[in-house]
Structure formats: structure tokens, C-alpha cells
Amino acid sequence: MARAVSTNRKITVTVIAWSIGFLIFFPILWTILTSFKTEAEAIASPPSFLFFEWTTENYGIVMERSNYFLHFMNSVVISVGSTLIGLLIAVPAAWSMAFVPGKNTKNVLMWMLSTKMLPPVGVLIPIYLIFKNVGLLDTRTGLVIVLTLINLPIIIWMLYTYFKEIPVDILEAARMDGANLRNEIIYILTPMAVPGIASTMLLNIILAWNEAFWTLNLTAANAAPLTAFIASYSSPEGLFYAKLSAASTMAIAPILIMGWFSQKQLVRGLTFGAVK
Amino acid sequence: MTIRLSTLLGATALCAVAGYASAQDTTITIATVNNGDMIRMQGLTDDFTAKNPDIAVEWVTLEENVLRQRVTTDVATKGGQYDVMTIGTYEVPIWGKQGWLVSLNDLPESYDADDILPAIRGGLTVDGEMYAAPFYGESSMVMYRTDLMEKAGLEMPEAPTWDFIKEAAAAMTDKDNEIYGICLRGKAGWGENMAFLTAMSNSYGARWFDENWQPQFDSDAWKATLTDYLELMNNYGPPGSSSNGFNENLSLFQTGKCGMWIDATVAASFVTNPTDSTVADKVGFALAPDKGLGKRGNWLWAWSLGIPAGTQKEEAAKKFIEWATSKEYLALVAEKEGWPNVPPGTRQSLYDNPEYQKVPFAAMTLQSINAADPTNPTVDPVPYTGVQFVAIPEFQGIGTAVGQQFSAALAGQMSAEDALAAAQTLTKREMTRAGYIK
């Protein structure tokens, strides 16, 4: 029986939740607001929150100066491409480790995780030289390969944890009913695993979209994604905060919208296994 | 059949022409920083491509630190991603010595390389070879509020001393009204607080190393430098100044919160621009202060264009550099954007131009640049070149680590003595590791 919750408590919890949510969202909101200010308004003290002369000129300047759509398409191809290839490798790997574990499965999982502990800059020069020699510098293919490899441990771990949640008894019951491996995967495992795969995919797209070390270091003019687009508006000598905010807003808008529509799957993905 | 044949022939001819045209096109990739002058250059690229229709230009604009990391990786590995690189006075001599850059000594006579300011050219030349052409040059100077100075009953000399700066900072400070006598860099970094403090220390008679590469942070001159800096900032500086760099101070000055600001001469065009600055018509300029020892506390820097060795498009890259750093380019900017927006600090002819002499900060910028000597930056002799940096590869790491100690001292986390002792220890350790000292 559910515990009764008083109205006051509901209101309090709601207010606290909204306050925390607003606090977390505030930097993004401030970036969006600043993008509609003039450069002078952007540094005004005290800052104006809503009552300023709204302008879209920063967006116009950014669109004029940069090839936004090239960067955008690069981001889409790199993040979706690396995620799909990562899933192709990770699903069978996670399945075998979850349902047919060997004596070294735990060690393999830990080893995969340990590759994430190496600072990326430690392997920058070797990877740069390899990419140079095989002609992958400043190519989408090169970035897809690197981001696939970088995010693979996370994808495998997430899927492994999710697959472990699926009761083996159900699979055994299917086998007893005469299901072969193919039917077992298609009719039993896949429907149960789709939410986990979807949330893993979404989270990985976000990680790849936001990746800013390799995407900056391995690209120049052709394959540079939106991270490079934002970096091009940061200036140590000059106050271009409004333009930087406009560029940032344009870079985060697609992933923000995607995150908004898929928040249910994302939350499920991030919290599964938390409550047994 | 006839129609088909002619269509086929036409298409073949078109493909041949297209193939020929694309074979003629050379695309050069230029890596640059997001500074006002560079953005202006991007906007004027059409002038270059109109004069050189066989060359196309692609821009890669990055934040300064990202650019530095990116082009260093590329030039060191001969990655070939860029044909023209925007690099600073710090990189040019080091990269030139390594053979990573193409010499620009063979630019045509019409380029008039002798017109480049000697101080700037000296910083870009190694063993007689000029390895980069300056796009804009800068020094540092005092920018001050004329109204606040007048209110304080003081008059800024053209060449102030540090004692006067201290006196003026005290007189101008009005913390109740959020007006701080002086704004200086406090953010840790070899190009942030250490650029300012190294230049300041030169005027105090301090130096990073003696002739035998022994660190000198245990000297009285460094103690006096850091003590005075902390006193100025703690008593008359804005709150939270240990995280202030160029942009933070620019913002404070433009919104009327600083009485004086000692920083890059390039800031002059920002603080006098009425569109962005609330104090545009109340700004005066003076040389960086001295301590009566023969050196001023000003630095020297130039953002320059260089060509990485090994590029396949050296000829086209040279044409671009010749265009971007020419007298004609300066005239083009003046025509399109006005004289105050011309990239400063590179050519003597610009400062001889009567039109440019009308720009309020022009004379002081030139004086400041000429007052800096990268080959002889300190009162006592040193084994290195560079005014606000030491032109050795290890300096980036050491400079930033020392900057963190001094920034911590400014934040009140340690005393000046402790910061200097830590700086001495870490510098000695790194220089020993690098083999400069035993």
C-alpha cells in the first residue's frame, strides 16, 4: 500500500525539485539570454535579466562568419556513426558477458574500464602520427573510429549492466518451449533489451556530440564538428561573449532538443539497476 | 544520334575544363585566433582571392590555447594540416631553430621588410632568418581614467614610476562606489599573470635566470616585485582579482570600475570604442611604469603568420602572408573600417602616416613597442631572449606553475615569501631535469 503524502509535503518537494532544476539549467538559460544581447549589454554591470534590447544580430554574424551546417552535419555523422558502430560491437560483447560469462569476464570488463582512466593527451601524438600516415587526419571516418573506440567501454558496460537485469529464467523458459538461439534473441531478448539499447544509444550520442579533445585535435577545416565551431568564438583578447553565446546556443540546441524528447529513455538508462 | 554525340562531346569538354580549373586551384588552410584583427582579416579575404584567383582560402579559427596545442602538434609531427599558422613571438624563435618554419627572407623587394618595426622583427628572426611576418604587434601600457585622475588631483606623467602608480591607485580607489584604483592580471598562466609580472620584474631589476641558468626567485628584486604587486592588488584592486585575465579586466575597465589598467596596447582600441565602452571619451595613455633602473614594465608580443616546413603549398602560403602583412593591407583596413581598426604595431610607415597619427593611442603604442627589447630584456644580463617570457620550450610549463604560486599568493592562500620559495624550488627542479643546470 502506498504511503500517504500530505499536500504540504508535495508542494515543498515540488518547489525544491523545480529550484534545483532551475539552478542546474540556469547557465544554459543565461547563455541563451546573452546570445540575444549586444556585446555591451553582455558585460553590463549589474546584468539585465530580461529587460534589455533584444537582438538577433549575433546569430546573423555567426551564420555569416561560419559554415554552421558543415559543422552540424559533421557532428551528426560523427556522433551517430560512432554510436551505431559501437553498438554493433557492444551488443554481442555485452550479451556474451552477461549470459555466457567466462572465468575472466570480470577481468575483461575491468580492463575495458581501465582504458578510460588514461588521460587522452597521453596518446595524442601516437594517434596523430598514425592518422597522418594513413590519411585520416581531418576526416569524419577518422573521428568515427576514434570516438567508437573511446566510448566502447561505456557502451559495453551499460549494456552489460542492463542485460544482467534480464532474468535468465525467462530465456531458459523460452528454450524449454523450443526456442532456438535466433528466436530467443529476436522474440525474447530484443524486446526486453530495446529500452536499454535505446538509452545507451542516446547517452552515447550525447557523449560523442560533446567530445571536445579528439574532435579539436584531429580536425582542421573539413571534419571539424560543432565543438570546433564553439572554440572558434572564444577569444582571450576581446569581449565577444554575446557571439560566443550565440554559437554555443546553436551548438547545443540540437542535442538539447533530442535530449528533451528522449528524456524518459535517458533517465531510465541512467537509473536502471539503482532500485532492485 | 548526332544530338547524343554532341551532348557527349559537350559533357566531356565540360569535365575537361572543370578538371583543368580544379587543377589550377590551390586551397590553403590558415589557422588563426579569434581576435578582432584576425576576424577582420577573414572578412577581407575576398580582396586576396580577387588578386589571386588561383588560390582559395580556408580558415580554421580556434581559441588561443587550443590553437597553440593544435599547431604545435601539427608542426612537430609535420602533419600538414595547415599551410599558414598564426603564432606568437614565443613560438617563432623556438620553432625557427628547430627547422619547423619556412624562412621568409625571400619575400619580394616590394614587400619592404625593412619597414617592419625593428623590435618586432628582432623577435621573429633567428640567425638572420625571418621565420614569420608580424600581423599585429603589441606592447603593454598604462590606460587610465582621465576624469578620476583629475578628481584625485593628480596628473599622469607620460612615463610614470611604480611609486606614482601606487600613489594614484590609492587616490583613485573608491570601494563604496565600486571603483578600484588599479586592475592587473591575476589569473595563473605563463601568458596571463606571468606575462605581467615578468615584465614588471624586469623594471625592478629582477630576472628569471642568471647567466648560468640558475633561477633567481630568491633575489631581493623578485621579492620587491611580488610584494609591491600584492600590495597594489590587495589594497586597490577589484575583489577576486586572482581570477582576472585580459578579458575580465577589459570588462571592468569598460564598465567604469578601474582607475588604471596596465595591459596590452591592443586594448586601447576596445576601451576607446564608444559602442562597447562606457568610458570611451575618458581614457588616457602612458608608458608602462619603471623603477628608475633603465627598464620599463612593458612587454612585447606579435601575432605573426608563419609557414610550417613541409607544406606542399609554400608558394601560395607566401603570397597570402605577403598580402596580409603588407602596407596595402593596412590601407585596405583603413579604407573599409577606419584607421583606429588597422592592425597596429608592425610597420614604421603606419606610424609615419599623418592620418594614423590622429588615432589617440598610436604614438603611445609605438613608444611602448620601441621601449621593449627582447634581446636585452633585463637590467642584469640573461642567457635568454623574450621580454615577458623566456624563449625556451620548457617555459610554458614552468611559467604556468610559477604563475599558480603567485596567483595563490594574491588569493591569500600563501605569503609572498612562500610563493617565491615554491617558485624557486620548482623552477630549479624543472631546469635541472631539462639539463640546463646540474
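Colleague: What should I know about the numbering and the model before I start?

Modeller: Residues count from 1 along each chain as its sequence is written, while chains are lettered from A and ligands numbered from 1 in the order in which they are written. The model is predicted, and local features need pLDDT of at least 70, side-chain atom pairs count only at pLDDT 80 or more, and totals for chains, interfaces and linings use all residues.

Colleague: How far apart should the ends of helix α7 of chain A be?

Modeller: Helices here are DSSP runs (H or I, at least four residues), numbered from the N terminus. The expected span is 1.5 Å times one less than the number of residues. For α7 of chain A, residues 140-165, the 26 residues should span 38 Å, and the end C-alpha atoms are 36 Å apart, which agrees.

Colleague: Where is the kink in α7(A)?

Modeller: A bend is the angle between axes fitted to the seven residues ending at a residue and the seven starting there. In α7(A) there is a kink of about 45 degrees at N151(A), shortly before the proline P153(A).

Colleague: How many residues of chain A are in contact with chain B?

Modeller: Contact means C-beta atoms, placed from the backbone, within 7 Å. By that rule, 26 residues of chain A meet 29 residues of chain B. On the chain A side, α6(A) gives the most, with 5 residues.

Colleague: And which domains does chain B have?

Modeller: Domain bounds come from an automatic or database domain assignment. For chain B it gives domain 1 (25-131 + 301-357) and domain 2 (140-299 + 373-433). Their C-alpha centres lie 28 Å apart, and the contact takes 11 residues from domain 1 and 12 residues from domain 2. On the domain 1 side, α6(B) gives the most, with 3 residues.

Colleague: Which residues touch the most other members of the largest nonpolar core?

Modeller: A nonpolar core is a set of buried Ala, Val, Leu, Ile, Met, Phe, Trp, Tyr and Cys residues joined through C-beta atoms within 7 Å; buried means 20 or more other C-beta atoms within 10 Å of a residue's own. Here the largest core has 185 residues, and L159(A), V84(B), M143(B) and M260(B) touch the most other members. α7(A) gives the most to this core, with 12 residues. Both domains of chain B give residues to this core, so it lies between them.

Colleague: What is M260(B) in contact with?

Modeller: Leaving aside neighbours within four places in sequence, the contacts of M260(B) include V142(B), Y144(B), I165(B) and A168(B).

Methods:
Helices (H or I, at least four residues) and strands (E, at least two) are DSSP runs, numbered from the N terminus. Two residues are in contact if their C-beta atoms, placed from the backbone, lie within 7 Å. A residue is buried if 20 or more other C-beta atoms lie within 10 Å of its own, exposed if 12 or fewer, and partly exposed in between; C-beta atoms are placed from the backbone.
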